[in-house]
Amino acid sequence: MAKQAESYTLQNSILKRLYFQKKQSCAALSEWLRKSIPVVTKVLNELVEEGYVVNNGYAPSTGGRRPLSYSLNKDKGFIVAVAMDQLFTRIVIVDLSNCQASEPETIELDLHQNQDALNSMAEAVRTHIDRSGISRDQIIGAGIGMPGFINSREGINYTFFEENGKISHQAYLEKVLGMRVFMDNDSSLTALAEWTFGLAKGHKNAMIINIGWGTGLGMILNGELFRGDAGYAGEFSHIPLSDNGVLCECGKRGCLETETSLLIMAEKAVNEIKRGKTRHIPLKDVKYMSDIVMDAADRGDQLCIELLSHVGYMLGKGIAILIHILNPGLIVLSGRGAKAEKILMAPIQQALTQYCIPKLLENTDIVVSQLGKDAGLIGAAALVVENVDIYKYNTYGRS
Ligand SMILES: [Zn+2]
């Protein structure tokens, strides 16, 4: 019995490694797992035979014998990835090569004072799965990123969903969706995506800034996603850096978010348009305005450039604090606002030059995510693979 359990551990470790690394040779797997090449070869051959792993033939030569390269059979399982923010929820199903296996869907779902938000999301996920044509027994689990104070161990979102008292939000979702569900803070999942598949891959100390309705932060410290004592680390939004006196969502005044939130920037744009400050951009509901402002700034609209530049400058002030305290090697600008990099980067650099000690600043690279708005979905899928034993699931999870 013990021998069997150990063997499955190895199988699951290999499958997980292949998911995160895409391709590996037997030698690389053997080194990473600290198991002998004959042991790893035997398990790999079994996994190929059982259809979990694909042998891709010989990898390009790097001198010496060319190694065989292995990857996951992408159709051996599917993952539901959900990225919620305060106003919109995105849903997609991905395969084990992280490619989208369903048409991504965005629904409007305002989480504020919405007692039905959890049910609405679950219903949308159920409908999405039905429409995708992917059978439920092929789905390994669902990963859900959401804003707010979340205890991912307990599976509770303390900010947005009503407390039930008897059953956690996660357990409730598992019941109504009929599958394993994992949930975490949206900025932590953005950081996980950047760290596993994005520009922070391989970095020991990296800060991932999630520019959106709030200003989230995921911290990779000493090669781990740092969560703090109770799991709430990284509340970058609420560091007191502003003197604008604006009341923040958290109930305090002075929060960075009141200067850097894209929603607040959008509200400013709406007010300025109403005052006739620009005639070049359409007036729409505030939740659609941040994309309109970012696109207009890109085309050279002066008002939009000013609004975004202010966001960038204040972000830069916040980043200066992170650099001074944590000395990260890398800062990744990610999330909804990353697409405004052309406008944001200059004021961020200006604030850093103004407030950062040069010796510390020169050690830190500042880059813009290449995962774009998909970072949250990629992180949600990675959360499932981190927590589910793919091999075991397929052996025991199906009837
Ligand atoms: Zn606040």
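Which residues does Pro147 touch, not counting residues up to four places away in sequence? In this predicted model, Pro147 touches Met84, Asp85, Gln86, Leu111, Asn157, Phe160 and Asp186, with residues up to four places away in sequence left out of the list.

Pro147 itself lies in the loop between β7 (139-146) and β8, and this proline counts as buried because its relative accessible area is 7%, under the cut-off of 20%. The C-alpha atoms of Pro147 and Ala296 are separated by 27 Å, the two residues standing 149 residues apart along the chain.

| Residue | Location | Relative accessible area |
|---|---|---|
| Pro147 | loop between β7 (139-146) and β8 | 7% |

Turning to the chain as a whole, the assignment divides the protein into domain 1 (2-72), domain 2 (76-190 + 377-387) and domain 3 (199-370). The contact between domain 2 and domain 3 takes 17 residues from domain 2 and 19 residues from domain 3, while the centres of these two domains, taken over C-alpha atoms, are separated by 25 Å. Between them, domain 2 and domain 3 bury about 1500 Å², with 49% of this area on carbon and sulfur atoms.

The polar side of this interface can be described in some detail. Across the interface of domain 2 and domain 3 there are 3 salt bridges, and 7 residue pairs are in polar contact, counting pairs in which both residues have pLDDT of 80 or more. On the side of domain 2 that touches domain 3, β8 (150-151) and α6 (186-196) each supply at least two residues, and α6 provides the largest share, with 4 residues. By residue class, this side of domain 2 divides into 5 nonpolar, 7 polar and 5 charged residues.

A salt bridge is also formed by Lys287 with Glu108, and the closest N and O atoms of this pair are 3.0 Å apart; the pair meets the salt-bridge criterion because that distance is within 4 Å.

Conventions: Residues numbered from 1 in each chain as written. Predicted model: local features only at pLDDT ≥ 70, side-chain atom pairs only at ≥ 80, totals over all residues. Heavy atoms only, no water. Domains from an automatic or database assignment. Contact = heavy atoms within 4.5 Å. Buried area = accessible area lost by both parts, 1.4 Å probe. Salt bridge = Lys/Arg side-chain N within 4 Å of Asp/Glu carboxyl O. Polar contact = N/O pair within 3.5 Å; in protein donor to acceptor, adjacent residues only side chain to side chain. Nonpolar A, V, L, I, M, F, W, Y, C, P; charged D, E, K, R; others polar. Buried < 20%, exposed > 50% of the residue type's maximum accessible area, 1.4 Å probe, protein only.
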